[in-house]
Amino acid sequence: MRLQDVWLRYDRRGPWVLRDVCVQMGPGEAAIVLGRNGAGKSTLLQLAAGVFRPGRGAVLDRPDRVGWVPERFPADQPFTIRQYLTGMGRMAGLTASAVPAAVDRWVERLGLAAYREVPLPQLSKGTAQKVGLAQALLVPPGLLVLDEPWEGLDAESRELVPELVTEVLTGGGSVLVSDHRGETARLPGALRWLVADGTVRPADAAAPAPPPAASAGSPAVAAAGSPSAGSSAASAGAPVAAAGSPAVAAGSPAAEPGGVSVVEVVVPTARVGGTVAALRAAGHEIRRVREESAR
Ligand SMILES: Nc1ncnc2c1ncn2[C@@H]1O[C@H](COP(=O)(O)OP(=O)(O)OP(=O)(O)O)[C@@H](O)[C@H]1O
């Protein structure tokens, strides 16, 4: 997905909140959106999710299925959790017979079983946030957009967020997450974009410097035909290209005591992008990708 020269303002005569934004993410890639209060993080996420249309420019190649979790779940709705998720599942395209299993799965997974028949307005903030997560995941999204997903969640539930993100990435989806409270470390493999002064650029030097192996990774993957790495390689100067590598350094095994081991992994060429991203997300260093003829 690509935001190309995107501008947005909320009022036709008002100031531009975002100007000339050019960012992109490939399948299997995650990006964390950083910035001060009011910088425009939520605005950027809503553009990506398709909630807003840009005033100028375009959002290209957005996956068909987008899971959008707003910063505050709109709990003022006359439904129980079960009723709400059932309706959302139908809207997401699940058949009537498939909905109950999907709802049950996510209700259990997110610890909502005790509240299944509780009306949404009676839920605590954290529980309501989990309903927001559940509705976005009922059908596996090609793009998952999470606006401050850790907000209001207890310590145990916070651990769920990186788990869910990794699952979407492993399935070949992309994930965009905003974070103004420094939870970034929970997603060590993600790109980092900073929203400031109305535009978006790679996050600052606070991120560790990329090791040489990381910068060599993208062309090699591109050669293997990965759409993910191919789009990164094509985006010279765009945040996604410059921000992709530090995450690898964050989990660099070279920093571990006791030496390193190199593990060769064989995957179908079509899944190279997602696999590379998932391995990076788990903190592994990608040294190279090579193609071999089918065995
Ligand atoms: N619906 C709206 N109508 C008018 N202005 C808006 C609207 N939503 C946001 N803004 C303005 O756009 C700017 C960016 O807001 P946005 O919510 O995107 O920032 P943010 O970085 O997500 O902030 P926070 O960290 O506080 O959530 C702010 O100046 C805000 O006042």
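**Exercise 1. Name the residues that Ala128 touches, leaving out those up to four places away in sequence, and decide whether Ala128 is buried or exposed.**

Solution. Step 1: beyond its sequence neighbours, Ala128 is in contact with Phe73, Ala75, Leu120 and Leu123. These contacts, like everything below, come from a predicted model.
Step 1: find the element. Ala128 belongs to helix 4, residues 125-137.
Step 2: count C-beta atoms. There are 20 others within 10 Å of that of Ala128. The cut-off for a buried residue is 20 or more, so Ala128 is buried.
Step 3: compare sequence and space. Leu112 is 16 residues from Ala128 along the chain, and their C-alpha atoms are 9.5 Å apart.
Step 4: place the helix. Helix 4 lies across strand 5 and strand 6, and runs at about 175° to strand 5.

**Exercise 2. Give the order of the strands in the open sheet and state which strands stand at its edges.**

Solution. Step 1: the sheet has 6 strands, in the order 5-6-7-3-8-9, with mixed pairing.
Step 1: look for strands with a single partner. Strand 5 (66-69) and strand 9 (199-202) each have one partner strand, so they are the edges, and one side of each has no neighbour in the sheet.
Step 2: On average, neighbouring strands are turned by 20° against each other, direction ignored.
Step 3: take one pair. Strand 3 (residues 30-34) and strand 7 run parallel and are joined by 4 bridges. Within strand 7, Ser178 stands opposite Val33.

**Exercise 3. Locate Val175 and list its contacts, not counting residues up to four places away in sequence.**

Solution. Step 1: Val175 is in strand 7, which covers residues 174-178.
Step 1: the contacts of Val175 are Ala30, Leu144, Leu146, Val165, Val168 and Leu169.
Step 2: Val175 has 28 other C-beta atoms within 10 Å, so it is buried.
Step 3: Arg186 is 11 residues from Val175, with 14 Å between the C-alpha atoms.

**Exercise 4. Which residues of helix 6 are buried, and on which side of helix 6 do they lie?**

Solution. Step 1: helix 6 spans residues 160-170, and its buried residues are Val161, Pro162, Leu164, Val165, Val168 and Leu169.
Step 1: these residues cover an arc of only 160° around the axis, so they lie on the same side of helix 6.
Step 2: link this to Exercise 3. Val165, Val168 and Leu169 are among the contacts of Val175.
Step 3: see what comes after the helix. Gly172 follows helix 6 and has a positive phi, near 90°.

**Exercise 5. Describe the phi values and surroundings of Asp20 and Glu148.**

Solution. Step 1: recall the background. Most residues other than glycine have a negative phi.
Step 1: Asp20 has a positive phi, near 50°. Phi of Glu148 is also positive, near 50°.
Step 2: Asp20 lies in strand 2, residues 18-24, while Glu148 is in the loop between strand 6 (143-147) and helix 5 (155-158).
Step 3: Asp20 has 14 other C-beta atoms within 10 Å and is therefore partly exposed. Glu148 has 22 and is therefore buried.

**Exercise 6. Which residues are around the ligand, and how do they divide into nonpolar, polar and charged?**

Solution. Step 1: the residues around the ligand are Tyr10, Val17, Gly35, Asn37, Gly38, Ala39, Gly40, Lys41, Ser42, Thr43 and His180.
Step 1: sorted by type, this shell holds 3 nonpolar, 7 polar and 1 charged.

Technical notes
Residues numbered from 1 in each chain as written. Predicted model: local features only at pLDDT ≥ 70, side-chain atom pairs only at ≥ 80, totals over all residues. Near = placed C-beta within 6 Å. Nonpolar A, V, L, I, M, F, W, Y, C, P; charged D, E, K, R; others polar. Helix = DSSP H or I, 4+ residues; strand = E, 2+ residues; numbered from the N terminus. Buried ≥ 20, exposed ≤ 12 C-beta atoms within 10 Å, placed from the backbone. Contact = placed C-beta atoms within 7 Å. Arc of directions from axis to C-beta. Pairing = 2+ DSSP bridges. Axes fitted to C-alpha atoms, helices over the stretch in contact; angles between N-to-C directions.
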